[in-house]
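This report covers a predicted model.

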Amino acid sequence: MNYSIKYKEHLNWLHEHHIELELSWTKVAIDDHFKNKRALNIFTIEKKTLGMILGHFLYEDQKSIEYEILHLAVLNKHRGKGVGFLLLSELEKQLRSIKNSVKIYLEVSAENKFAIKLYEKLGYKAYNERKNYYRSKSINAPHTQDAILFAKSLNVIK
Ligand SMILES: CC(C)(COP(=O)(O)OP(=O)(O)OC[C@H]1O[C@@H](n2cnc3c(N)ncnc32)[C@H](O)[C@@H]1OP(=O)(O)O)[C@@H](O)C(=O)NCCC(=O)NCCS
């Protein structure tokens, strides 16, 4: 498995697959994120691109960085085969290589069992929740979901 970001190629891939990847951003928001100098995005490639992490740096000082995962997703037919695990492992490797002390934050729907299982397996800890945070856009099926906030610290310096 290779990891990289080829600006134009991955931007096009994201526009093409954003519904399958359950990314609810507008086209403009995707383009803006790619232009953001504080973004760090990772794509897995095995002949074709299979999945990605979109995220950005929240904070940086001399000793530490804080990074937020904005979206993690794998193409439908490649789910449940460890691609999400490899993406998160690669993200941690890249962040560790930048600074000694790293904290990663993310939020996820309380109903997203697969994602929660994956984050917990990698040692992410829930530290807060937001009730009724996600709202369905469907008028016929109004539905809200709670968000759970997770964080993980890498290489904590005492
Ligand atoms: C969440 C997501 C990224 C996980 O990626 P993945 O490559 O499927 O994850 P992995 O295979 O590394 O591991 C996920 C765990 O859930 C299980 N799992 C994930 N998807 C599964 C599926 N479709 N069917 C069965 N099991 C599944 C895996 O078996 C694994 O558990 P295990 O370690 O006990 O075997 C993927 O399901 C996805 O793209 N979902 C849609 C977008 C999304 O919800 N993103 C999260 C936003 S925060």
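The shell has 20 residues in total, and the closest to the ligand are Arg79, Gly80, Gly84, Phe85 and Phe114. Two or more shell residues come from each of β4 (64–74), α3 (83–98), β5 (101–109) and α4 (113–121).

Sorted by class, the residues around the ligand are 10 nonpolar, 5 polar and 5 charged.

## Sheet

An open sheet is formed by 7 strands with mixed pairing, in the order β1-β2-β3-β4-β5-β7-β6. The edge positions belong to β1 (2–4) and β6 (125–135); each has a single partner strand, so one side of each lacks a neighbour in the sheet. From one strand to the next, the twist averages 25°.

Strands β3 and β4 run antiparallel and are joined by 9 bridges. His71 in β4 is the bridge partner of Leu54. Helix α3 packs on the sheet, where it touches β1, β2, β3, β4, β5 and β7. The direction of α3 makes about 160° with that of β4.

## Nonpolar core

The largest nonpolar core comprises 24 residues, and Ile42, Met52, Ile53, Leu87, Leu91 and Phe150 have the most contacts inside it. The elements giving two or more residues to this core are β2 (42–46), β3 (48–60), β4, α3, β5 and β7 (144–154).

Leaving aside residues up to four places away in sequence, Leu91 touches Ile42 and Ile53. In soluble globular proteins, nonpolar side chains tend to be buried together.

Conventions:
Residues numbered from 1 in each chain as written. Predicted model: local features only at pLDDT ≥ 70, side-chain atom pairs only at ≥ 80, totals over all residues. Near = placed C-beta within 6 Å. Helix = DSSP H or I, 4+ residues; strand = E, 2+ residues; numbered from the N terminus. Nonpolar A, V, L, I, M, F, W, Y, C, P; charged D, E, K, R; others polar. Core = buried A, V, L, I, M, F, W, Y, C linked by C-beta atoms within 7 Å. Buried ≥ 20, exposed ≤ 12 C-beta atoms within 10 Å, placed from the backbone. Contact = placed C-beta atoms within 7 Å. Pairing = 2+ DSSP bridges. Axes fitted to C-alpha atoms, helices over the stretch in contact; angles between N-to-C directions.
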